[in-house]
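Have the model open while you read.

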Amino acid sequence: MTPKTAESSKTTLTDLVLPSETNPLNNLFGGELLARMDRAASISARRHSRRIVVTASVNHVAFNRAVPLGSVVTVEAKVSRAFKSSMEIFIDVWIEDRESGERTKANEAIYTFVAVDETGRPVKVPELVPETDLEKERYAAALRRKQLSLVLAGKMKPQEATELKALFE
């Protein structure tokens, strides 16, 4: 399987926040933002694997800024690391200032997707080759997050989590 770059999986979804998508404070519902992020991450994972993909987990979500009614919201997703059949997707959410057009990072999330065949069985995905400094940073961190998740789930012994141990040595 030919390795791929993070850039080849980049997915950008831009949309407007409408009244039916807001809470009583006129900010985008968190669940609506989660759905937008899930769609962008799904497309990104599919672009990387060229297979059917399913959401395996939402590993991290940070709602750092409210997204007001009428805002232009851009969700950017890229595969940050590929494992055997799973892919970690890092998602950045931006909002545009209505007058200046300046973009501000509002939120971020990390999702995990698994590539599957038509019967739902996991299938192998291509390796990811990070290119930029940010991609390399997210790539390295993805292995630590995976090891932590496996340790917490009891699927890996803490002494086997070499990347995590390196943080404390």
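This is a predicted model: local features need pLDDT of at least 70, side-chain atom pairs count only at pLDDT 80 or more; totals for chains, interfaces and linings use all residues.

A residue counts as buried under 20% relative accessible area, exposed over 50% and partly exposed in between (1.4 Å probe, protein chains only). Residues are numbered from 1 along each chain as its sequence is written, and side-chain values use heavy atoms, with hydrogens and water left out.

- Lys4 sits in strand β1 (residues 4-5); helices (H or I, at least four residues) and strands (E, at least two) are DSSP runs, numbered from the N terminus.
- Contact means heavy atoms within 4.5 Å, and residues up to four places away in sequence are not counted for Lys4, which touches Arg47, His48, Arg50, Pro126, Glu127, Leu128 and Val129.
- Val93 is 89 residues from Lys4 in sequence, and their C-alpha atoms are 23 Å apart.

- Two strands pair if DSSP finds at least two bridges between them; β4 and β5 run antiparallel with 10 bridges.
- Three residues make the hairpin link from β4 to β5, and Thr74 lies opposite Trp94 of β5.
- β5 also pairs with β6, again antiparallel, over 11 bridges.
- Six residues lie between the strands in the β5 and β6 hairpin, where Gly101 has a positive phi near 80 degrees.
- β5 is mostly covered, with nine of its 11 residues buried.

**Asn107 in β6**
- Asn107 belongs to β6 and is the bridge partner of Val93.
- Asn107 is buried, because its relative accessible area is 1%.
- The Asn107 side chain reaches the backbone nitrogen of Asn64 at 2.7 Å.
- Neighbours within four places in sequence aside, the contacts of Asn107 include Leu33, Phe63, Asn64 and Ile91.

**Helix α2**
- α2 (residues 133-152) has 20 residues and spans 29 Å from first C-alpha to last, close to the expected 28 Å, which is 1.5 Å times one less than the number of residues.
- Glu135, Arg138, Ala141, Ala142 and Gln147 are buried in α2.
- The cover over those buried residues includes β4 (72-82), β5 (86-96), β6 (103-116) and α3 (162-168).

Definitions and conventions. A polar contact is a pair of N or O atoms within 3.5 Å; within protein, one must be able to donate a hydrogen and the other to accept it, and residues adjacent in sequence count only if both atoms are side-chain atoms.
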